[in-house]
Amino acid sequence: MLAPYCETCKAGIMKSDSDPCFAHLLVNGQPVDPDTRRDVSRFRRAERERLLQARRALSASALAAQSDCVANALTDLVVAREGLTIAAYWPIRGELDLRPWMTAAYENGAQIALPVVIEKNAPVAFHLWQPGSPMKRGIWNIPVPETGVAVSADVVIAPLLGLDAAGFRLGNGGGYYDRTLAALPGMPQVIGVGHDFCCMETIFPMPWDIPMQQSVLGDGKVIDHAH
Ligand SMILES: Nc1nc2c(c(=O)[nH]1)N(C=O)[C@@H](CNc1ccc(C(=O)N[C@@H](CCC(=O)O)C(=O)O)cc1)CN2
Ligand SMILES: Nc1ncnc2c1ncn2[C@@H]1O[C@H](COP(=O)(O)OP(=O)(O)OP(=O)(O)O)[C@@H](O)[C@H]1O
C-alpha cells in the first residue's frame, strides 16, 4: 500500500493518515515556526509598504542624484574588467537607476547580466545584457533581455528596499535573491544598493535570509557588513 501524502504541503510522506507531517514547516531544509513566520511576514509587508511610499515621495531629480552617488561609489568598489561578470538589474518601482554605470562597466570590458524570473518561487537566472540590447517584458512586466543567454555572476548588485544593521536585505517579497544565492555553488560578491532612507534596525532574519557583504546607499555611504 502507498504511504499517504500530506494535504498541506503535498510533499511530506506520512507513515499513516494519522501521522503528523512536518515537511511544510521546513524552508530551504530548515525548520521555521509557523507563528513566527506569519508575524515576520506581516512585519515585512508593512515595512515594504512604508519604504515604497518613501520612494514614491522622492522627486525625479533626487532619485537621479542618489543613483549617481551610488554609481560613483560602485566604480571604486567594483573594478570592471574583461573576465568579470556583474549581475545588476533593470530598475523598477523607483529603484536606483544604475544603467549608466552598467554601460560604463560594459565599456571597460565586464559582462553585464540581468535577473530573469524563469519560474515563480524558484531561483532567478542571470541573462547577458549590453547597452542597446532588445528587451521584452518578463514576469511582473519586468524588462528582461529578449535573448536569454544565461551566465554565472562574479558580482551581484542587489536592489534594496530595506537594509538592516546586520546587512540583511528587504526586497520585493518573492525571496528570489535568497533562493538564487542559496542555489549557487559558490558565493559571489554580493553588494546591496539602496536609497538613503532604506536602513532599518532589523528585518528579523529567518533561516533563509542571506546577508549582503557590502552595501552602498544613496548618500554615497559604503557599509561593510562584517560576518
Ligand atoms: N529590478 C529588479 N528586478 C528583479 C528583482 C528586483 O528586486 N528588482 N527581483 C528581486 O527579487 C526579482 C523579481 N522579484 C519580484 C518579487 C515580487 C514581485 C511582486 O510584484 N510581487 C507581488 C506579489 C506576488 C505574489 O504574491 O505572487 C506584489 O508585490 O504585488 C515582483 C518582483 C528579479 N528581478
Ligand atoms: N532558499 C529558499 N528556499 C525556499 N523558500 C525561500 C528561500 N528563500 C526565501 N524563501 C521564501 O520566500 C519568501 C519571501 O522571502 P523574503 O521576505 O525574504 O523576500 P525578499 O528577500 O524581500 O524578496 P526578493 O528577493 O524577491 O526581493 C519567504 O516566504 C521565504 O520562505
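Student: In which loop is Asn 141 found?

Tutor: Asn 141 is found in the loop between β6 (135-137) and β7 (143-145). Strands are DSSP runs of E with at least two residues, helices are runs of H or I with at least four, and both are numbered from the N terminus. This is a predicted model: local features need pLDDT of at least 70, side-chain atom pairs count only at pLDDT 80 or more, and totals for chains, interfaces and linings use all residues. Residues are numbered from 1 along each chain as its sequence is written, while chains are lettered from A and ligands numbered from 1 in the order in which they are written.

Student: Why does Asn 141 count as exposed?

Tutor: Count C-beta atoms, placed from the backbone, within 10 Å of the residue's own: 20 or more others means buried, 12 or fewer exposed, and in between partly exposed. Asn 141 has 7 such neighbours, so it counts as exposed.

Student: What makes the protein chain as compact as a globular protein of its length?

Tutor: First, the secondary structure: four helices and 15 strands. The radius of gyration, taken over C-alpha atoms, is set against the globule rule, 2.2 Å times the number of residues to the power 0.38. The rule gives 17 Å for 227 residues and the chain has 19 Å, which is close, so the chain is as compact as a globular protein of that length.

Student: How do you know that the span of α2 is close to the expected one?

Tutor: The expected span is 1.5 Å times one less than the number of residues. Helix α2 (residues 60-77) has 18 residues, and 26 Å is expected. From first C-alpha to last, α2 reaches 26 Å.

Student: Which residues of α2 are buried?

Tutor: They are Gln 66, Ser 67, Val 70, Ala 71, Ala 73 and Leu 74. An α-helix has 3.6 residues a turn, so residues three or four places apart point the same way.

Student: What do the buried residues of α2 pack against?

Tutor: They pack against α3 (99-107), β12 (189-194), β14 (214-217) and β15 (222-224). Contact here means C-beta atoms, placed from the backbone, within 7 Å.

Methods. Two residues are in contact if their C-beta atoms, placed from the backbone, lie within 7 Å.
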